[in-house]
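Please keep the sequence and the model in view while going through the numbered points.

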Amino acid sequence: MSHITPIFTDLVRVETRLYNAVSARLRAEQGLGLGQFELLEIIDRVPECRVLDIVGELAITVGAVSKAVDRLVAAGWCQRVAHPQDRRSSVLRLTSAGEKQLSASRPVVEGELASLTSTVPPDDLARIASTLAALRAALEASPHWAGRGEGK
């Protein structure tokens, strides 16, 4: 086994455990999962957000994003609005209920992540953040990364 395989395994296991713990707390306190929170956050942050913007950011399929957005619409947290320049496309916007849900959920996510990572010294967290940001940028710039959401 190469030296990189255990690093990859640890990275995946840490991500899975953090994701599941944050999602469980968010669901218990706010009635939505972390995946829904991520979608709301992206829609809020990306101007004129479309399904393809979410696909590119999360590296999941168009179908998966479209179904997830449909669930946000059904929950009353998001709406699809005709794109002003391309009527075949929709822009995603948070509803007032979605904005309230996102606002109430952010401190839960931040608080749980802070709690779960509290044993890691701040300097180490900063190094991890820097390393992961560099790795992510390199992967996303790679010719292997088509940005089409064919991962997860």
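With which residue does Arg127 form a salt bridge, and how far apart are the closest N and O atoms?

1. Arg127 forms this salt bridge with Asp124, and the closest N and O atoms are 2.2 Å apart. A salt bridge here is a side-chain nitrogen of Lys or Arg within 4 Å of a carboxyl oxygen of Asp or Glu. Both Arg127 and Asp124 belong to helix H6 (residues 122-141), where they stand three residues apart, about one turn of the helix. Helices are DSSP runs of H or I with at least four residues, numbered from the N terminus. Asp124 is partly exposed, since its relative accessible area is 29%. In this note, buried means under 20% relative accessible area, exposed means over 50%, and partly exposed lies in between (1.4 Å probe, protein chains only).

2. Some remarks on the basis of the note are in order. This is a predicted model, in which local features need pLDDT of at least 70 and side-chain atom pairs count only at pLDDT 80 or more, while totals for chains, interfaces and linings use all residues. Residues are numbered from 1 along each chain as its sequence is written, and side-chain values use heavy atoms, with hydrogens and water left out.

3. The structure holds nine salt bridges. One of them joins Arg25 to Glu112, with 2.9 Å between the closest N and O atoms. Arg25 lies in helix H1 and Glu112 in helix H5 (residues 96-116), so this pair ties together parts that are 87 residues apart in sequence. Arg25 counts as partly exposed because its relative accessibility is 27%, whereas Glu112, at 14%, is buried. Arg25, Glu29 and Glu112 are linked in a network of salt bridges.

4. The side chains of Arg136 and Glu140 meet in a salt bridge at 2.9 Å, N to O. These two residues are four apart in helix H6, so about one helical turn separates them. Arg136 is partly exposed at 45% relative accessibility, and Glu140 is partly exposed at 36%.

5. The packing of two helices deserves attention. Helix H2 (residues 34-45) and helix H4 (residues 62-75) pack at an angle of about 85°, with axes 11 Å apart. H2 is therefore roughly perpendicular to H4, a description used for angles of 65 to 115 degrees. The axes are lines fitted to C-alpha atoms over the stretch in contact, and angles run from 0 to 180 degrees between N-to-C directions. Gln36, Leu39, Leu40 and Ile43 of H2 make the contact with Ala68, Val69 and Leu72 of H4; contact means heavy atoms within 4.5 Å.

6. Ser23 lies in helix H1 (residues 4-30). Ser23 counts as buried because its relative accessibility is 12%. Leaving aside residues up to four places away in sequence, Ser23 touches Leu32, Gly33 and Leu34.

7. Most residues other than glycine have a negative phi. Glu48, however, has a positive phi near 50°; it is found in the loop between H2 and helix H3 (51-58). Ala59 also has a positive phi, near 60°, and lies in the loop between H3 and H4. Is each of these residues buried or partly exposed? Glu48 is partly exposed at 39% relative accessible area, while Ala59 is buried at 16%.

Methods:
Parallel < 35°, antiparallel > 145°, perpendicular 65-115°, else oblique.
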